[in-house]
2 protein chains.
Amino acid sequence: MANDNKVWNQNDAIPSLVQSKRQIERYGLDVDAQAILVATRLLAAGTRLGHASEVHFARFGLSTGRYRVLVELEDSEGEALPSQLAENLGVTRATMTGLIDTLERDGLVSRRTSAQDGRQRSVILTEEGARRLQAMAPEHFARLEAMVGLLSIEERGVFLDLLGRVTQGISALTDETIEPNKPAGESKKKQHRSKG
Amino acid sequence: MANDNKVWNQNDAIPSLVQSKRQIERYGLDVDAQAILVATRLLAAGTRLGHASEVHFARFGLSTGRYRVLVELEDSEGEALPSQLAENLGVTRATMTGLIDTLERDGLVSRRTSAQDGRQRSVILTEEGARRLQAMAPEHFARLEAMVGLLSIEERGVFLDLLGRVTQGISALTDETIEPNKPAGESKKKQHRSKG
DNA sequence: ACAAATTAGTTAGGTGCCATACTATATTCA
DNA sequence: TGAATATAGTATGGCACCTAACTAATTTGT
């Protein structure tokens with residue numbers, strides 16, 4: 001039995017400043033190595049976050065997406081349209097169909113054809129779905145709290161601010177063209193809190 | 001032609017403090033809403049980061065993983081073993097096989113059977129693979145730099161520090177049991193969460 | 001009224017990554 | 001020496017999410 005199951009050895013895959021500098025020098029580019037380091041670490045963290053999230057929700061028989069559907073339903077008095085859910089969760093309607101399929105198979109939601117509009121099939125949170133949410137809540141939130149437990153209260157506030165701006169910056173990766181994203185001028189950071 | 005393809009509307013799917021509080025109150029839990037907000041925003045950011053990264057590398061005919069393989073090869077003088085690559089990138093050997101398959105199909109790497117050990121098939125960065133890396137470097141690094149462009153130099157340092165600790169905290173999601181991660185320095189945090 | 005356009009949801013097919021189980025080649029040691 | 005074991009790499013099948021194309025129902029325009 002070669003038990004070589006690797007359970008995410010978090011020591012590897014953390015990019016170093018040396019690596020960033022080496023890459024930049026190799027091609028003689030004019031970019032800031034520190035900025036590249038931050039960006040690269042961020043991407044690595046994103047990968048790990050996504051993976052960890054799936055592992056976490058799998059404990060409760062869910063995936064990240066399916067959990068979010070259940071929560072969204074709970075916040076909508078137990079009923080919502082697939083298109084609403086897709087919109088609120090930021091996934092496509094096709095993806096939402098798949099999420100609902102699995103949730104329905106597991107008995108956590110059910111579908112009902114609308115009387116008003118024959119195209120609509122609203123999604124309903126079942127008793128068991130609500131129970132599942134309730135059952136997982138203590139552990140779920142305790143783990144979330146533990147995740148940021150290495151930050152003090154004040155640091156959490158700072159991190160929220162910085163993360164917010166970095167999150168805005170993600171679009172620099174997906175935009176058609178590169179727009180230089182200046183650091184809020186010479187003054188201080190502010191505004192940009194679009195919604196809450 | 002209902003062109004309702006959504007190209008990641010970054011306004012949605014950002015969790016609010018109100019949502020966090022509501023969820024916590026619903027189940028009468030004893031957790032800090034601010035901490036939950038940070039954790040939730042972080043997970044959302046992770047999802048977006050992963051997605052954006054794939055979009056970004058797709059521009060160059062690569063994926064996140066395949067790009068990392070090429071870079072790792074470049075850092076290893078153009079040759080490495082699949083198991084080494086898997087180890088360094090933090091993916092399974094099975095995943096590495098798939099990554100190499102695609103890279104080989106695209107002519108960016110080639111495989112060569114080892115003379116020493118018949119089980120080994122080392123991976124070699126081809127000329128075209130090196131050219132691809134060189135060609136994409138300017139835009140790639142410019143976009144990475146732009147991603148963190150909303151942060152000042154000092155803020156980047158702070159963010160690196162906080163991100164490092166939060167990244168450590170990710171294991172709180174994947175660990176078997178919950179261990180209450182306290183900020184360095186504080187010896188007691190009066191945390192009465194005896195989940196079993 | 002009725003064809004054209006829009007909308008809701010689904011199906012089909014693709015990518016990225018993973019875990020499990022397998023093949024083939026060393027290595028160990030009784 | 002030869003059976004048991006470990007190791008390198010791969011095949012298989014799964015999940016999450018995507019885009020594009022499709023079906024069915026509703027609205028719109030003349």
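The following dialogue examines a predicted model of chain A, chain B and DNA strand C.

Guide: In this predicted model, local features need pLDDT of at least 70 and side-chain atom pairs count only at pLDDT 80 or more, whereas totals for chains, interfaces and linings use all residues. Residues are numbered from 1 along each chain as its sequence is written, chains are lettered from A and ligands numbered from 1 in the order in which they are written, and side-chain values use heavy atoms, with hydrogens and water left out.

Visitor: Why is the approach of R111(A) to a phosphate oxygen of DNA strand C called a polar contact?

Guide: A polar contact is a pair of N or O atoms within 3.5 Å; within protein, one must be able to donate a hydrogen and the other to accept it, and residues adjacent in sequence count only if both atoms are side-chain atoms. A polar side-chain atom of R111(A) lies 2.7 Å from the phosphate oxygen, so the pair meets the cut-off. For T95(B), the distance to a phosphate oxygen is 2.6 Å. R119(B) instead places a polar side-chain atom 3.4 Å from a base oxygen, and therefore this pair also qualifies.

Visitor: How do you know that D75(B) and R22(A) form a salt bridge?

Guide: A salt bridge is a side-chain nitrogen of Lys or Arg within 4 Å of a carboxyl oxygen of Asp or Glu. Ten salt bridges are found across the interface of chain A and chain B, along with 23 residue pairs in polar contact, both residues at pLDDT 80 or more.

Visitor: What makes a residue part of the contact between the chains, and how many does each give?

Guide: Contact means heavy atoms within 4.5 Å; by this rule, chain A gives 91 residues and chain B gives 95 residues.

Visitor: What area do the two chains bury between them?

Guide: Buried area is the accessible area (1.4 Å probe) that two parts lose on being put together, summed over both. For chain A and chain B the value is about 9200 Å², with 65% of it on carbon and sulfur atoms. M147(A), L150(A) and L173(A) supply 8% of the area that chain A buries against chain B, more than any other three residues.

Methods: Near = heavy atom within 4 Å.
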